[in-house]
Amino acid sequence: MLNTISFEAIKTAVQQWLNMHWGPHLAFIAECILIGLLVIVFFAVLGLLLVFMERKVSAVMQIRLGPNRVGPKGWLQTSADTLKLMLKEGLTPDGADKFLFNLAPFLIMIAAMLIMVPIAFARNFQIWDINIGVLYISSIASISVIAILMAGWSSNNKYALLGAMRSGAQIISYELSAGVAVITMVMLTQSLSIQDIILSQQNGWWIFKGHIPAIIAFIIFMIAATAETNRAPFDLAEAESELTAGFHTEYSGMKFALFFLAEYINVFIVCAVAAILFFGGWMPFHIGNWEGFNHIMDYIPSSIWFLGKTFCLIFLIMWFRWTFPRLRIDQLLNLEWKYLLPISLANLLLMTIIVVLKWYL
Amino acid sequence: MGTVALFILTIAAIVFSAGGILASRFFTKSVYNPQKGQPYECGIPTSGTPWSQFHIGYYLYAIVFLLFEVELVFMYPWAVIVQKIGVGALVEMFAFIVVLFIGFLYAHKKGALKWM
């Protein structure tokens, strides 16, 4: 009864139906098309939802109402915004490198979409469980730097170029401590595959049974994730008061919308990775041998667990934006190179000692 | 699913982006105007070339980044098998990080990480 409405059951039912009615080849092609459509719909819905959430959260933080006119409680506001962006003219500046200028939004969307491959949304609901999952995510995430530099360079605009340079320096710097934090957790899980990482947290999430190094790694990962997604307090790349909009100053209409969407998708992805590494992905919350409690927790579907954890972390990142003031570029780079990187390396050694001496549960 | 998944998602991303851009091109009317094609700079014509010189610091950070990024790639396989190897892995990684840290201190001393 429990599994009748889970994503896994739906997936198996669809697979069975396709294989029963069509041949294996046709069923495979249909499955591919279904996955493509599903990801596209997921992207559109997620983008609309996250922009709406951002506006509502910032409204709550500043004690105002936020969007509340379009649709019930303002739910259709972001759809109306998308419609408006679609009706705007997509300009290409005269001096721009036209090919690179038009290629950059595609590249950033491809990078954002490819990261979706190994992420497990629910129990056994994953596009492809790559055995190097975590490494794959961090390598694909680096492609978006190329897209950002491409957009900034080809725009033929001083603001765009400076914004892209700042953004590039920031993303590559914080990638290091994010990578070290991930490696710290990989030592515990002994596998890079997302499925294995989640299954290794069956009797407790790593944030609880990984001792202090896991908590330090989580904090470092969240700081690095905020910086990597170019969000406040690290949003120098698009500091409105000095650089108008950073690398996408010259973009308008749908191309701008794609950059905007990719930004929010990246926020979702880093939070999903944090939820998988530290909070057990779709694993329910269990307390030791307390059977009754564990049973109740098991009744909550795994997709709810995953999305709940991810959205809590997204809320945390949105909260940062209204709590901390923006840093200067030298302060930002100092924070990474002089504090976070040495701390995360020391944390790595500490975790190695714990792992080698088998001090964890 | 296998590698096919990567192709599907790449195609899905291209379809999604191209669909949006083409749809907006279908709905909008574009009238050319020389003022529209100018780089945005708060309303006044831009002076000099926009592809101007930028800070050397970005380049230095990129070089130091390269050093650490290569180190990270070495660490991934090590992290997977550290529990099987045991104390040996700890000693090796300690030596590795110390050597790396000396290089980092050198870069720091040379002022590569200083923003001027």
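Me: How many helices and strands are there in chain A?

Reply: Helices (H or I, at least four residues) and strands (E, at least two) are DSSP runs, numbered from the N terminus. In chain A there are 15 helices and 0 strands. This is a predicted model, in which local features need pLDDT of at least 70, side-chain atom pairs count only at pLDDT 80 or more, and totals for chains, interfaces and linings use all residues. Residues are numbered from 1 along each chain as its sequence is written, while chains are lettered from A and ligands numbered from 1 in the order in which they are written.

Me: What is the radius of gyration of chain A?

Reply: The radius is taken over C-alpha atoms, and the globule rule is 2.2 Å times the number of residues to the power 0.38. For 361 residues a compact globule would have a value near 21 Å, and chain A agrees, with 21 Å. The C-alpha trace of chain A spans about 65 × 60 × 45 Å along its principal axes.

Me: Which parts of chain B carry the annotation "transmembrane region"?

Reply: UniProt positions are given in the numbering used here, feature names are shortened, and annotations may be inferred rather than shown by experiment. The unreviewed UniProt entry places this annotation on residues 6-27, 58-79 and 85-107 of chain B. Residues 58-79 of chain B are 100% helix and 0% strand, with end C-alpha atoms 30 Å apart. For residues 85-107 of chain B, the values are 96% helix, 0% strand and 32 Å.

Me: What is the mean pLDDT of chain B?

Reply: pLDDT is the predictor's confidence in each residue, from 0 to 100. Chain B has a mean of 82, and 99% of its residues reach 70 or more.
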